[in-house]
Amino acid sequence: MRVTKLFTKTLRDAPADEVSKNAQLLIRAGYVYKEMAGAYAYLPLGLRVIEKIKQVVREEMNAVGSNELIMTSLQRKEVWEKTGRWDEKVVDVWFKTKLQDETEVGLGWSHEEPIVEMLKQYVQSYKDLPISLYQFQTKMRNELRARSGIMRGREFVMKDMYSFHRSAEDLESYYNQTIEAYKRVYDRLGIGAETYVTFASGGAFTKFSHEFQTICEAGEDVIYLHREKNVAINEEVIDEAVKELGIERAELEKVKTAETGNIFNFGSQKTDEMDLHFTDENGTKQSLYIGSYGIGITRAMGVIVEKMSDDKGLVWPVNIAPYQIYLVSIGENGSKQADALYDELTAKGVEVLYDDRDERPGAKFADSELLGIPTRVTVSDRLVEEGKFEVTDRASGQMKTLTKDEFLATIST
Ligand code: ATP
Ligand code: MG
């Protein structure tokens, strides 16, 4: 992509009403546009990051045998009434609206009930199980506060997965496999070392649910952590959990975190409430066991920005950077050489953002840093004469002068 073809421009200042660091940087760098508090448009660069995060998640969900689909955003009232969750005293984030004929409908803040309802049409016998389904979808939640930028949206992208089993044991085994899959996701997103599987409240069937909490100053949660023992507990359940796990509270470190994902074991409660059953080998009607597994795609993106950016701007991990290389041309000769290098790299499938603008070098360098592309390659009149390029690593700031062959050897395609 040529920068002259990007419709976005970098901004010196973020909008005055934007208080969160992640949104300030993403807006300044042209990744997102703020429509209103809690609602952000993802512009071409931002969309590429979202798609990369989704692809990592997709590969890992596929690897545990889940199948991708997309449910609807419009949801039926009767479906949610079955579990009592149409009630706004029970679920306080509903956006509700009406069809022209006055039928009340909800906008999907979760798809737990609709997917259970849908499966009634597809699950009859034990032979149909297990089933695991997931989607990436824009959830709508009328959150009371939305001051954390893209970390808490009123409209945000979630990956939600649901699994359906014939027994508690089968669910448990899948649940544990999913924990491992989630760990791989966070590793690949570059936040694995700082993301803890955390005991949390809210398990309907088990005593605890599991949250994936990423250490982050801008997060809204607090966990108690034992780094060596690799134990983390949400403060909401700290008293109960220390008792249960036999840990000394004094040994635990209190840290601020953001919940980037969570998983729940629903047991068979929801299937009983909603009357989703299957028949076993003996023709007996049985309850299904359900697990629910979320990842906040846009929240994870916000957390990565919060954790990795520096005073110059964004710093993307290679796996989710919108482009791998920021190519800068300086001077006339440099431009010609840069054009050729751009074509060559693009043909090889390398993702290059080429700053082909007629701008001073300082402005191009500043933008390359704000945009956070992992590697900057500078082609200047001076270096071209020696057959060399300047290659700068965004994260460390380290600069090397390499010949073209040396540079090409550093990029994996
Ligand atoms: P929170 O306690 O932060 O409100 P939640 O318990 O409501 O989260 P879930 O309903 O289980 O979360 O959603 C699954 C995942 O979606 C969460 O772990 C989080 O990463 C993400 N998420 C939830 N609410 C939001 C939001 N308003 N904006 C962005 N991401 C969100
Ligand atoms: Mg919530």
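**Notes on the predicted model**

1. In the protein chain, 68% of the contacts with a separation of 6 or more are between residues 24 or more positions apart; contact means heavy atoms within 4.5 Å. The model is predicted, so local features need pLDDT of at least 70 and side-chain atom pairs count only at pLDDT 80 or more, while totals for chains, interfaces and linings use all residues. Residues are numbered from 1 along each chain as its sequence is written, chains are lettered from A and ligands numbered from 1 in the order in which they are written, and side-chain values use heavy atoms, with hydrogens and water left out.

2. The protein chain contains 12 helices and 21 strands (DSSP runs numbered from the N terminus: H or I of at least four residues for helices, E of at least two for strands). Its C-alpha atoms fill a box of roughly 80 × 60 × 45 Å along the principal axes. Of the 413 residues, 54% are buried, that is, under 20% relative accessible area with a 1.4 Å probe, protein chains only.

3. The largest pocket holds about 1,100 Å³ of space. A pocket is an open set of points on a 1 Å grid over the protein atoms alone, where a 1.4 Å probe fits, with protein on both sides within 12 Å along at least five of seven lines; lining residues have an atom within 4 Å of a point. The volume is the space filled by probe spheres set on the points, which are joined across faces, edges and corners.

4. Among the 46 residues lining the largest pocket, Trp109, Arg141, Glu259, Asn262 and Phe264 are the closest to its centre. Strand β13 (253-267) is one of the elements that give two or more residues to this lining, and β13 gives the most, with eight.

5. Which residues of helix α6 (residues 238-245) are buried? They are Ile238, Ala241 and Val242. These three lie on the same side of α6, because they cover an arc of only 100 degrees around the axis, taken from the directions from the helix axis to the C-beta atoms. The buried residues of α6 pack against β11 (221-226) and β12 (231-234). After α6 comes Gly246, with a positive phi near 65 degrees.

6. Thr298 belongs to helix α8. Thr298 counts as buried because its relative accessibility is 1%. Its side chain reaches the backbone nitrogen of Val157 at 3.1 Å. Beyond its neighbours within four places in sequence, Thr298 is in contact with Tyr42, Ile50, Ile150, Phe156 and Val157.

Note on methods. Buried means under 20% relative accessible area, exposed over 50%, partly exposed in between (1.4 Å probe, protein chains only). A polar contact is a pair of N or O atoms within 3.5 Å; within protein, one must be able to donate a hydrogen and the other to accept it, and residues adjacent in sequence count only if both atoms are side-chain atoms.
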